[in-house]
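Hi,

Here is the model I promised to pass on. Have a look at it first, and then read my notes below.

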Amino acid sequence: MEISRRHTLQGAATAALIATPLPVIANTATARWMGCRQVGEAYLATLFDSTGYVHLDVQLPGRGHDIVPSPDGQRVVIMARRPDRFALIVDLRSGDVRHHLTASDGHHFYGHGCFSSDGALFYTSENHYETGDGVIGVRDTNKGFELLGHFASGGIGPHEILLTPDGKSLAIANGGIRTHPDTGRSKLNIDTMAPSLTLVDHTTGNLISRHTLDAEQRQLSIRHLAAGPNGLAAALQYEGPKRNRVPLLALFDGIYLTLAETPSAVAKAMRNYAGSVAYDASGEVIALTCPRGNLVSFWSSDDGTYLGSHTARDVCGIAPLKNPGHFALTAGAISLHATLHTTKTTGQFADTQWDNHLVSIA
Amino acid sequence: MPFSKAFRSTLKGGSAALLVTGSLLSPASAGAISTDQTTALLTALTDQLIVPGYTHLAEESSQLADVLDAYCTTPDTEGRTQVEAHFHTTMDAWQRVQIIQFGPIYENRGPARFQFWPDKRGTGQRQLRQILNNQDETVLPSGALAEKSVALGDLQALEYVLFNDPDVTAQPDSFACRYALAIARNQEIQATEIVQMWTRNGGYREQVLSAAEGTDVFFDEKEAAGRFLNDMAGAIDVVRLQKLDRPMGLTLTGARPKRTENWRSQRSLRNIQLNLESVQQFLTVEDGFGDLLTSIGKDETATAMRELVSEVLVDIAAFDQPLSEIVEDPDTRGDLESLLAKLRSLQSVVREQLAQDLGLVPGFNATDGD
């Protein structure tokens, strides 16, 4: 009885929250972030600042995943968690939902997307689920995000995608795992999975290059990416026998994809599952979050040397702060700031479960 | 403590210190539980409950088959009493292990080959009636039922054949009796196979007991302990939703007595009692969840769970009608409502308090593949 009563109250509180949208206060004094969260039974995308103050809650039709700011900082795209099919485009000044996208027939989103550097195009990682082919949807942002077409991602299960720092190509993390909406999130090809990092020409869709780990590491699914000054960092998830403790960070220098050397105690603490990855403002430090291991770990972007870590329950969302070496994080119901040597809780959010990703909002 | 184990824990302590450079953000309540304590829990539950439970099921179904074999030749009253008694002890054995929701039981065709229930669309029963009406001899040869629909070789089928119309098995050498015998043998074979899959060299028992070192199926001992915790919570879920809520319906007029489990042999409440006794044993067995909680100073949780589960068992024992009658009886139906409320409380203690005390709460972001 206690439980249902509590749920009802939460539902009421959530409903009230949504009925009276909070004004978006232009507050340039503090940094702001946006992430998806579950509050009671509601799924929200939330804009908050470094004091933990909530500026905006956008109600979502289902569990969200990544949030992608436009290059001009005026709006964000909130992507559904796979295998859902919605994406919302929200104006950050008014808090209004401008467009509500649905994946085209036979496709679902994988939870991530990115803009072209001029903001004219928006790309989404998608599953063409009858064939299992990974595809990238291309949308015209000046025409209501109208779908222009799809091109091949160069692998199965494309997940995070981003524009390479030169703005010329898309980097795509092809996780390698085939799923079908009929069987939910069940993995259909663990025995044959072949993850890859592909670079694709963002105007033509032509494959530029495909990069893989060694054959014995083919059960390391390449899922999340971050871009730094000298390359990319990839966060991995391991699908092999659970007795193995494996590295979960790979560095890409434009030619080689290399696993970061990982002390065995660190590999064990990470529990074979990384959820998100980010570079700091200087580009020298990479932070990797491991929600199963309740761990955020720090690495040198130069050679992948392990630097240290902190524990934080259910930590996953991560974004750089302006100060070199500083990161913002979400973990369970809290937000925090962390460096290699310090951590500080910055916000406590009632009944909240923060989701996988966090982005800085200018 | 063997030298190698002591050495291992020393190494772990050392590496943990090296690993965490900063402060511990959220003091982990599970910090006090050692690998050895969790392994002791896994060993206790596996060796005192799971393996003996499946072994008992194999023995009971074997005896049931032997008794049926004799009864089919000479179907007398004494034999009938024996058959019914052994059907019940076999079903008792199954209900005790029904709460185990991982490991070999999920291989081949899963738990449904022991009990296909609830049969929401009645497909199993249609197939079964066809076999009986046509006296289809293809179900009789040894091993034949392993190849047919699970609904033809499970304990529900056996209950139907024995209890739907007792007369059909009461003729010497009747088809129905020989079919019942074939089902009992099928159950014996399946249960024996499960025991072997747990106990053989490199089998599932070893996977559980060596979980701390990492195995093919467990990352570590905590993941394995989490499975047992899920079993307790899951068992309460099944009792609430399938065994009580579904036959009760929303209101008295929505009650459906034939949705109670094993109404033909009038043992619905006994099944529930056995399921919850297994939950109780997970708590009370030496080195079980209760002892583990006490050892980390969480006596309150242990006491709350012990009291709730005993209360629920007392309530169940107090009913003096079959469940199929209670759901339709305006005078006693209310007692089921209060039983449901207590089960909900018990479930939230398991899922929330116990999981938190032992550091086994699954994270929101720990789900596969995002």
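Let me start with burial: I call a residue buried if 20 or more other C-beta atoms lie within 10 Å of its own, exposed if 12 or fewer, and partly exposed in between, with C-beta atoms placed from the backbone. By that count, 49% of the 362 residues of chain A are buried, while in chain B buried residues make up 40% of 370.

Some housekeeping. This is a predicted model, so local features need pLDDT of at least 70 and side-chain atom pairs count only at pLDDT 80 or more, whereas totals for chains, interfaces and linings use all residues. Residues are numbered from 1 along each chain as its sequence is written, and chains are lettered from A and ligands numbered from 1 in the order in which they are written.

Chain A

Chain A has two helices and 28 strands; these are DSSP runs numbered from the N terminus, H or I of at least four residues for helices and E of at least two for strands. Along the principal axes, the C-alpha atoms of chain A fill a box of roughly 55 × 45 × 45 Å. Of the contacts in chain A with a separation of 6 or more, 47% come from residues 24 or more positions apart (a contact means C-beta atoms, placed from the backbone, within 7 Å).

One open sheet in chain A has four strands in the order β16-β17-β18-β19, paired antiparallel (strands pair if DSSP finds at least two bridges between them). Its edge strands are β16 (220-228) and β19 (257-259) of chain A, each pairing on one side only. Neighbouring strands of this sheet are turned by 30° against each other on average, direction ignored (axes are lines fitted to C-alpha atoms, for helices over the stretch in contact, and angles run from 0 to 180 degrees between N-to-C directions). Inside the sheet, β17 (231-238) and β18 (249-252) of chain A are joined by four bridges, and A:A234 has A:A250 as its bridge partner in β18(A).

There is also a hairpin to look at. β2 (42-49) and β3 (54-60) of chain A pair antiparallel over six bridges, with A:L47 opposite A:L56 in β3(A). Four residues lie between the two strands, and A:G52 takes a positive phi near 90° in this hairpin.

Chain B

Chain B comes to 13 helices and one strand, in the pattern α-β-α-α-α-α-α-α-α-α-α-α-α-α along the sequence. With a radius of gyration of 23 Å, close to the 21 Å from the globule rule for 370 residues, chain B is as compact as a globular protein of that length. The C-alpha box is roughly 75 × 50 × 40 Å along the principal axes. Among its contacts between residues at least 6 apart in sequence, 75% join residues at least 24 apart.

Chain B is assigned domain 1 (37-207) and domain 2 (220-357); the bounds come from an automatic or database domain assignment. Their C-alpha centres lie 24 Å apart, and the contact takes 27 residues from domain 1 and 32 residues from domain 2 of chain B. On the domain 1 side, α2 (35-73), α3 (77-97) and α5 (155-163) of chain B each supply at least two residues, with the largest share, 10 residues, from α2(B).

Cheers

Technical notes. Contact = placed C-beta atoms within 7 Å. Rg over C-alpha atoms; globule rule 2.2 N^0.38 Å.
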